[in-house]
Amino acid sequence: MIPSDSSQAKEDGNGVPANAKRSKPEDQGEQDAVLRPVKLSRTELYKPPTVEELNQLKEAESLFHCSLLKMQMEELLKEVALSERRKKQIDSFVKTVTEALQSVPSFPKVELGDLSWLSGSVKVPFIMMPAENAGKFHMAPPASVDLIGSYPLGTCIKPRITVDLAVTIPAEVLQIKDDMNQRYPRKRALYLAGLAQHLSSSAEIGSMRYSCLHGNRLRPLLLLTPSGKESSNFTVRLHACLPPGYFKPSRFHPQRNNIRTKWYTGLDSSDPESPEPPTPHYNSSVLGDMLPRAHLQFLSAVSSQCPAFAEGVALIKVWLRQRELDQGAGCFNGFLASMTLAYLLSKHRVNNNMTAYQLLRNTLHFLATTDLTETAITLARKPDSTAPSLPEFQNAFQVVFVDPSGHLNLCAEMTECTYKQVQHEASLSMQFWDDATVNGFHALLMTPKPLERTSDHIFQLLELVKLQASCKKLKLLSELMDHSGNYVCTMLPYILSLLQQGLGQRILLLTHSLSPDPEWTVEAKPPKHKAQPPLSFGLILRPDYAASVLERGPPADSPMAAEFRKLWGPRSELRRFQDGAITEAVLWTGESACEKRLVPRQIVNYLLQLHADIPESCVRYVGAMMDDVIQMNDVPSTGEEESLKVVQSYDDLSRKLWRLEGLPLSVTAVQGAHPALRYTQVFPPKPLMLDYSFFVNERISRSLLPKEGKPCPVYIEPITVVCHMEGSGKWPHDRVAIRHLKAAFHISLGELLNKEHSYTCSPCPTHLDVWKDGYAFRVHVAYHREPQVLRESVGPDGLLVVRDNEAAQALELATVHLPLLTSTLHGLQQQHPCFGAVCRLAKRWLGAQLLSDDIREDAADLLVASLFLHPAPFTAPSSPQVGFLRFLRLLSSFDWRNNPLVVNLNSKLTAADYTDIKNDFVAGRDSLPVMFIATPSDKKLSLWTKREPSVQMMQRAVMLAAESLKVLEPQLKDGTQIQDVKVAMRPPLEAYDVLIHLLPKQVPLLNQAVDPPLVVFSRGTVAGKAGTPGGAMPVIDYNPVALYLSELRDSFGDLALFFCDPYGGTVIAVLWKPKAFKPVPFKTSEIKARRVVVKGEQAHSVPNVEAIVEDFSVMGKDLVRSVEARTERWSV
C-alpha cells in the first residue's frame, strides 16, 4: 500500500483540550522508558557541560522567557503525540479495512438514478437535486486504497484522532463528461454507499456514519470506528477519490462553467447566447480529489528536510484548536497549517534547522502580517501554461493560497472574515508573546477561546430556510449553482459584507461560526441545508465608536452620498451639523448607556431586513444578557447615569470643601473612598426626595425617624469621602487627643457647610454626615501621621516602641489605600466604559451566591480590573456580558494555590517586579492569603484579601463560578433552553442547616433582589428631583437586615456561619461549624448557648441547638417571618 496525502482538511480535527492531563503510559515499552534517578560519580556530577548542552541552554535563554516555557512546550508535544500502542491499533484496523475493501463485489451498469442495486437500508449521502442526471454507474472494487492525511505524514495529534483512507474509484466506473452537472460528485456518493453496504457485514467494524469534508456536501465521507473498547479512540475516514490524472486540471479553471443553467433550473435561458456563469467553488471541489498524492509528495519532501516540521505543525494545530478555527466549513484546517509552514520553508522565510517553537512563532508572524485577502500567494514554482493566474484566482475567491500544481486554491471555501479572524488572533498572540509579564504558554496554547467568551456581542440567524428567499431577492442564482444549492454558504459572504459595511468603525472584528461537519447514519438520508445549527456571528467592538447613536455620512453633493443612501435606505436623511456641514446621516435610538450599547443590534436587524428580507424574529441578538439583574428598577439603565450624578455631586462637594475658610488648618486633599465614586457600586445611590409624612421629625437632633408600623424606610447609603488636613505642629501626638481634634474638625466643617451652602450636616466623633442633592456624604477627617501614632507606644522601660497593629492597618487602609484604589479604578473606567458594569455584574453574582462577605467589594473590583489590564489571550472586554463571563472563568480556572494574581494598575510594575512578587509569594505561600492579589502599592501583603476568603469559601466560590459558567455559556448558543439566565444568580440552599426567612416589608433593598416580589412597599420617598438644600436629616445607613446579621455573628459566630444576599435577600442561611458540636468539659464561664450533658461522672457541654434556633426568632422580632430548621442535616 502506497502512502499518500489528502488535500484540504485531511488533517483537521486534532487539537488539545483546555485542561489537558498527562495520559498514563499505554504500553509496557513506554513504562520502561520512564526516566529514573541514577547515581552519578563525583567526576560525572561536576563534568563540564557538552556543546549540545550549552546550545540548549543558549536556546532557552534567547528564545524563551525562561527555561520553564521550553519545558512546557516539550511536555505539550509529548501530550498530543500518538503513543506506539495507539499507532499499532490504528495500523491493525487500517489493514482490516483495506482487506475488506479489496473484496468489494462488482455490479452491472445501471442508470445513474437507478438505486435498485443498493439493497438493504443503506442510503446515498447526497441530495439529488435536481433529480435528473444522465450517465451510467456500476460498482467495482477500488483501484487502490491509500493512507492519506496527517497520519502517514506524522502530524496527527490527540485528542481527536482521525485517519484518512483514499479509496480510488476505478476508471471504468467514470466517464469523460462526469465533470459536468454534478455527475462525478453523485458517482462519488454512490460509490461510498456501495462501500458502506459491503462493510456493514464486517464484524470488526463498529459504527459507520456519513459526514462531509468541511461541510462541503459535494465531498461526502464514510466514517468508520473499530468494534469493542477501542471504538472511541480514533476514526477512519474513507474518501472516494478520482484516479490520478483522469481529468485535465484546465477543465476546472475558476473562470470555467461546469454546471449548466438549463440543467440546474429546468428552464430554457431567456438569452441563449449569454455565456454560462463560472463555477469556481464547484470546480475546486472536484479538483481537490485529483491532487492528494502530489500534495503528499510535496509535504513529505519538505518535512524530510526539516526535522521539527511535524512538531511545528502540531503546535500550530493546537493553537488553531483553542481558537475553534480548525473545524467546520471554510476552516483553517491542519492541512492548511502544513501547507503554510511548507510555504515558509520553500520561500526560506524559516530555516530547516529551526525548532518547533521557532516554526510556530514565525508562522504566526507570517499570518499576522500577510493579508491573503489582498495579496495572493502560491506554492507553484513553474505552473503549466493552462494554470490560472493569481488575479484570476482573486476574482473568483476571497482568500487565495494556490497549491504546488498551480491549479487549486487551498482556501477556496474560506470567507474573508474567517481569514481576518486568523490574522487577528495571530496578531494578538504576537503581542503578548514577547510580554514577560504574561504567561505566554498558557495564553497561547492552553486557553480556549470560544465565540461567546471572545466576542462582545453575539447574534444568530435561526430559520436558515429563509435564506432561500434572500438568494432570490439578491438574484444569486449563479452563486447558488456554484454551491450546488447550498443557500447558507451562498448567502454567508453577502451577509458578512453587508454587516461589515454597515457596522464599519464600530467593530474591530466581525467573526462567524464555522458550520460543523454534519454526521448521520448510513441508514438515514442526508440532512437538508436548513437542518444545520443556527449561524452564529460575533462582534468585537471598538468602545469609542460602538455606542454612537449617529451614523454620519458623506456630504449631500458627494458621489458617495448615493451609495450611503442605498445602504441605509429610508433611515438616511439630510442633517445640518454645528460645523455648518450638511451631510447624510442615520440616527439610532438610545438614551441610557445600556441602550446605546445595543445600537449594533438595531443596525444588524435593520440591514438584514432591508437587504436580505430576514425578519427581526429570525435574528437572536445576545448583547445584554445579564443587564436585567443590575437594572435600576423599571428604568432601562444599568447604573452608569446614576453613578455619573453621584460623581458630579461629589466633585461639587469636594470643591466646596477645598474653598472653606475659617478652619484652623487648611484642607490638603479630598478623596473619594466609595465604590459609587469609581462606577462599581452594584446599585448606585439615587437622589432621594423624602416623603415627610412617612417620618417623625425629632426636634433635638433634627432627624427624620420612621413612624411606628410603617415599612422599613428607604436605605440611604453614605458615600465615604476622606478629607485630609494639612500637617502641623499643632497636631497632638496622643491617639486620644487626635480623635478629639478630628471630632472638633467634623463640627467645624458641618457648621461652615451649613452656613455657606445651607447643607444639613450631622457631626459625629468619627465622621460628618452631609445631606446634599438627595445624597448622604460621610466625610472622614484624616491626619497623615495618625497611623504612625497608633503604632507607637511606650514600653515599661520608658522607651518608645513602634509595633504594627490592626488599628493602624485598618486606618491606613481606609484613609490611604482605599482612596488611592478608588481614584485609580475611576481612571480605568474612563479608559474602558464598560468596566463599571462588569464590576456590578460580578458583585451582584457574588452577593446572590452569598459570597459577598468572603470576596469583598474591593477585591472583586481588582479581579475585574485584571480582565481589562491583562486580557491575554483576548482583547479587553467591551460589553458587560463578555466581561462577566471572563470574570467567572478567571475565578474558576486561575491557579490560586500556586500563583499570585498581579493587577498592574497604571502599568507601574516592571518585569522585574513581577519576578520579585512571584518569588516572595512562593517563599511565603503558607502564611499568605488563599486569594493573593498584588498591586503596585501592595506587592507582599494582599491587603484586600488578607482576612477572607477562607480556604473552604474559596473552594466554594471556584465551584460556583464553574457551574455558573456551564449554565450561562450554553444559553448564549442555544435560545431554546427553558431556564433563564437568572438561574446563575439563584443560590443553592440545600447545603445549609437553618434558613431564616425575613419579612419582605422590613427588607429595605427588596427591589434589588434577583427575583423581586410583585408587592411594592412605600419606603418614604416620592418621585421627583431632590429638593433644595436644608431640611431635616434622614436616618442614614439603617439596614435592619445587616444589623441583624451582625448581631447573629457576634452572638453565635463561634457556632455557625451566616450568609445573606446584601442586595434584597430575604433569606439568611446558617451553616453549623462541625467542630462547635464536639462536647467540651463543662465550665461555668463557657455556658453561653450551651447545655450540660452528664455521662457517668463527667459533665460536658454541647450547643443548645433548639434554644439557639429559638433565639434567632427572638433576636429578629418583627424582622423574622419564620425559621426553617433542617434537622435532617445535623444532630448533636
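**Strand pairing, burial and packing**

User: How many bridges join strand β23 to strand β24?

Analyst: Strand β23 covers residues 768-772 and strand β24 covers residues 775-782, and the two run antiparallel; helices (H or I, at least four residues) and strands (E, at least two) are DSSP runs numbered from the N terminus. Strands count as paired if DSSP finds at least two bridges between them. Within this pairing, Leu-768 stands opposite Val-779. The number of bridges joining β23 to β24 is 5.

User: Which conventions apply to this model?

Analyst: The model is predicted, so that local features need pLDDT of at least 70 and side-chain atom pairs count only at pLDDT 80 or more, while totals for chains, interfaces and linings use all residues. Residues are numbered from 1 along each chain as its sequence is written, and side-chain values use heavy atoms, leaving out hydrogens and water.

User: What is the order of the open sheet of 5 strands?

Analyst: The pairing in this open sheet is mixed. Its edge strands are β18 (667-672) and β22 (760-763), each of which pairs on one side only. Neighbouring strands are turned by 25 degrees against each other on average, direction ignored, where axes are lines fitted to C-alpha atoms (for helices over the stretch in contact) and angles between N-to-C directions run from 0 to 180 degrees. The order is β18-β21-β24-β23-β22.

User: How many residues of strand β10 are buried?

Analyst: Strand β10 spans residues 457-461 and is largely enclosed by the rest of the structure; buried means under 20% relative accessible area, exposed over 50% and partly exposed in between (1.4 Å probe, protein chains only). In a regular strand the side chains alternate between the two faces of the sheet. In β10, His-457, Phe-459 and Leu-461 point one way, Ile-458 and Gln-460 point the other way, and all are buried. The buried residues of β10 number 5 of the 5.

User: To which strand do 4 bridges join β10?

Analyst: On the β13 side (residues 535-541), β10 has 5 bridges in an antiparallel pairing, and Ile-458 stands opposite Gly-538 there. The strand joined by 4 bridges is also antiparallel to β10, and Tyr-621 in that strand is the bridge partner of Phe-459. This strand, residues 619-622, is β17.

User: Which strands stand at the edges of the open sheet of 4 strands?

Analyst: The sheet has the order β11-β13-β10-β17, with antiparallel pairing. Each edge strand has a single partner strand, so one side of each is left without a neighbour in the sheet. The strands at the edges are β11 (507-512) and β17.

User: Which helix runs at about 170 degrees to β11?

Analyst: Helix α15 (residues 416-433) also packs on this sheet, touching β11 and β13, but its direction makes about 120 degrees with that of β11. The helix running at about 170 degrees to β11 covers residues 487-503 and lies across β10, β11 and β13. That helix is α20.

User: Which residue takes a positive phi in the hairpin of β34 and β35?

Analyst: Strand β34 (residues 1090-1095) pairs with β35 in the antiparallel sense over 6 bridges, and Arg-1090 stands opposite Pro-1103. Strand β35 (residues 1098-1103) is also joined by 2 bridges to strand β33 (residues 1080-1081), which runs antiparallel to it, and Ser-1101 is the bridge partner of Val-1080. The hairpin of β34 and β35 has 2 residues between the strands, and the phi in question is near 70 degrees. The residue is Gly-1096.

User: What is the relative accessible area of Gly-836?

Analyst: Gly-836 is found in helix α28 (residues 835-848). Not counting residues up to four places away in sequence, Gly-836 touches Tyr-679, Thr-680 and Gln-829. Gly-836 is buried, and its relative accessible area is 1%.

User: What percentage of the residues in the protein is buried?

Analyst: The protein has 34 helices and 36 strands, and its C-alpha trace spans about 110 × 90 × 60 Å along its principal axes. Of the contacts with a separation of 6 or more, 73% are between residues 24 or more positions apart. Among the 1132 residues, the buried share is 54%.

Methods:
Contact means heavy atoms within 4.5 Å.
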